[in-house]
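This report covers model confidence, nonpolar cores and backbone geometry. The structure is shown first.

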Amino acid sequence: MQNKGAILFLAIALALVSVYQLSFTGASYKVKKEAQAASKGDLKAEFLYLDSIASLTQNEWSFLGNTFREVQSKELNLGLDLKGGMNVILEVSVEDIVRALSNYSTDKTFNDAISLTKDKRKDSQRNFIELFGESFAEIDPNASLAAVFGTIELKDKINFNSTNEDVLNVLTDETENAIDNAFNILRSRIDRFGVTQPNISRLEARGRILIELPGVKDPARVRELLQGTAKLEFWETYENPELIGYLSEANSLLRTFEEEARAAVVAEEDVDQGDTSADDLSGEEQQDTTGGESLLDMITDSTDESEPATLAEFKLRNPLFGVLNPAVSRDGQPLYSSVVGWSHYRDTAKAMEYLKMNHIKALFPRDVRFYWASDAVKWDETESTYELHAIRVTTRDGRAPLDGDVVTSARVSYGQTGSSAKVDMSMNAEGAKIWARLTRENTGRFLAVLLDNYVRSSARVSGEIKGGSTEITGDFTIEEAEDLANILKSGKLPAPAKILQDTVVGPTLGKEAIQAGLRSFLIAFFFVLLYMVFYYSRRAGLVADMALLLNMFFIMGVLASLGAVLTLPGIAGIVLTIGMSVDANVLIYERIKEELKQGKGMKLAIADGYKNAYSAIIDANVTTLLTGIVLYVFGTGPIKGFATTLVIGIITSLFSAIFITRLIYEHFLKKNYTLAFSTRITENAFKNMKINFIGKRKIFYVISGIIILIGLTSLFVKGLNPGIDFSGGRTYVVRFEEPVSTTDVALRLEEVYGEAPQVVVFGSENQVKITTKYRIDEPEAESEVEDLLYQGLQPMVGDVDKTTFLSDYRVSSETVGPTIADDIKVKAIWAIVFSLIVIFLYILLRFRNWQFGLGALAALVHDALIVLGLFSIGYGIFPFSLEIDQAFIAAILMVVGYSINDTVVVFDRIREYMGLYRKRERTEILNLALNSTISRTFSTSLSTFIVVFAIFIFGGEVIRGFTFALLVGIVVGTYSSLFVATSVVYDTVKSGETERVLKSRKKS
């Protein structure tokens, strides 16, 4: 064996990398178990425990030089279907951006072009700008876009002489900037939402953004958060010394409230009655009980014996200052800025709750408002402390005196020393006039820039700024300054985002999915390990098992290294990889057995067995790998997770099966161990098989034809059951306490929706899947649809409120808008067509003969039609979902990959025998090749079938339809590789062409 040292080095390096990457998962798991033990089942306490660990610095908590927050970012990520959460696909409205760029032009041609573009988008995958340009030219070929978009804001980019093509290019650039701005805003919002390990990424389609939020318990709040429009504002501010006295009064009044409330509770417990509450206190009762102690005294007199001994006692005596640290220096003097205090992000909501109380608001000036900073303070290493700013309202309508509509440009520049970044911006004439007034009237004071009601920057004004040019300074990094410049530049563009698709998986369903996936994985893995020992002897079987174990270890290590997300379909991909990775060992072992039958010694037989098996192994795995790559390119969400694990699994299984096992056998031979590749029970299995496959091919043509005809009839008469992935709609999985009637559920919901939804049993009898298209074209109607769902099912769930119903009874939900449903459908068609083309071309390239490609293609179409036909016949009959969705498309492509795997192994043997037995008849050669591979076909098909069957039985309802398609595909794929593909090759290769095929064999 050549390059033994290099292979050994690579194996050790890969193992060490996997151990290193997976160690973060182990460390994170250990802390989470400690959190569970410390919280004793209290989820809120568990969250606070983990949050406190994540806030520790590297000196306080460290694993391999990483903080716990960094460890979490490096652990193996679980998908939302395994731990619960929300998956959202948003689309930034390009139409609104274009309208804003035109200053909401009333030009008839422009508005007609917008309407026509919206109609075209329903049936097109092209982007909005391209379709708009085309529509504008259709309506009036002589019209000029420059006349519409030659606004003051775009005067530097569009003039009277600009061509329509020039204008469209500017619109494309401006749209991209607005979408980038929307992406940055959404990322900032998500980071502040308090979700562990969120994921936000841009999708291939322009304007679309994928957001994944694990563990979200309030989907309605998320929808509201994500669909809010970005709002840029410039405000005057109060300075801290002007308000610090009011804060002290507020703290004292809150203390009075809480002391009176506690006293009332004690009195009620003593006399079993009482009617005094904090809300009923009169002005006379609201007295300062601090004995004249001022805020500064309280802060500076830190050595006073009366000072609370613990933080809890301090918060008890100082409700406001317990959650909001006043902005004072170490000697107790108020700091001069718009910042009035700092809070840990856990306390921000409570601090704002106090400040919004009517009694507290009455203490402050009527024109003050409080807003949090968008970013954590720089001096806090844990990045968990935020500033509270005081804004002064000076307009009659309560709106900002200046907003983002006036900003025409913004760019990043640097200070004189080049050490800090700043943002220079320009305004239009109206904005410049207002800005000059604001800066003149606030010289020496602070002005604040707010984005979406969060303070992005607050700086002291040094003097009047004329001309509309100004700069925003701060302790910005280059990236922060670039982000702010982009926000300022695009702030004038209304780019609202609407939800095209969202999926909610409850934590209960996620926990069940983990258990189901793990259970199916262990059962399948154990069976394969046992089967290899049973069929190929103890030592040979254990070598294959060792390769399989290493393969699983490598897969997990690579997934963790790449930061990939493990989903339930991803587990299915790994389990399927187990079954398919056995194939490489089976091919090698069968070859070694053939070499031994020819009288070769063990050492030579092993060497030749590996050598002669390489071709079939590479061909079989490359075709499946190509299918996985197609899935990855065209799939989204869970399907991409499935493809990721499949592709990684194929590569690592090849390395383990070919190289690792070879190293082990080299060691065995060196130690003169006794080796065997069969047991007494299996040594004569499938020996001397002489089935006349070619002679009986017409019988199998008829059988296949009848099955396909029945399926096609059902397809035309009954059709398929398209899931919401392809048709659009909303689905809810609802779990009741007792078994329910689907008819009863449908009738109750028909009363509230006005139309009957589709209701089917989903798993157990007390769990149903509800599908409705009620107001699916209106993303903002999601909350109303959920209200009606609760209203319709309330008599069946008993006396529970809506929040409890949505969190405990609705275990998952999914919404797919019509637009994205069309996109998914188009991608699915392309995925199937492209995978078939790629496989045909690969077969043509490898076998240098189009008949082999045609035979493989015929077998694949045969398999796909049978699976489709069975799904058409079975839906509504079988006790599990047979929807046609993205998962089904993945299953079809995997059937294609598995079938071609089988077929290529047979073709490879045919190609070999054509070179060895040149004088024999074609019929004899083909039959001989088919019979010689039956042992391998049986072992691979059986092990893979049992593996997938384990997933089907134990893997949970969510992927049952998916695994059913795989089960059918394995049976049909094995059948077609034996009885269809080779028969088509035989019937299309004329006897006179045999010599040419033989020549192509010699060349290859």
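## Confidence

pLDDT is the predictor's confidence in each residue, on a scale from 0 to 100. This is a predicted model, in which local features need pLDDT of at least 70 and side-chain atom pairs count only at pLDDT 80 or more, while totals for chains, interfaces and linings use all residues. Residues are numbered from 1 along each chain as its sequence is written, and side-chain values use heavy atoms, without hydrogens and water.

The chain has an average pLDDT of 80, and 86% of the residues score at least 70. Residues 298–308 stay under 50, and the model has 13 contacts for them beyond four places in sequence; a contact means heavy atoms within 4.5 Å. Residues 998–1004 also stay under 50 in pLDDT, with 12 such contacts. Where pLDDT is low, the predicted coordinates should not be read in detail.

## Nonpolar cores

A nonpolar core is a set of buried Ala, Val, Leu, Ile, Met, Phe, Trp, Tyr and Cys residues joined through side-chain atoms within 4.5 Å. Buried means under 20% relative accessible area, exposed over 50%, and partly exposed in between (1.4 Å probe, protein chains only).

The largest nonpolar core has 97 residues, and Met532, Tyr589 and Tyr665 have the most contacts inside it. Helix H22 (residues 638–670) contributes the most to this core, with 15 residues. Another core, of 40 residues, lies apart from it and includes Leu90, Leu186, Leu226 and Ile499.

Beyond four places in sequence, the residues that Met532 touches include Ser537, Val582 and Tyr589.

## Positive phi

Helices (H or I, at least four residues) and strands (E, at least two) are DSSP runs, numbered from the N terminus. Ser537, in the loop between helix H18 (507–536) and helix H19 (538–562), has a positive phi of about 85° although it is not a glycine. Ser537 is buried, with a relative accessible area of 9%.

Leu64, also not a glycine, has a positive phi of about 55°. Leu64 is in the loop between helix H2 (43–54) and helix H3 (68–74).
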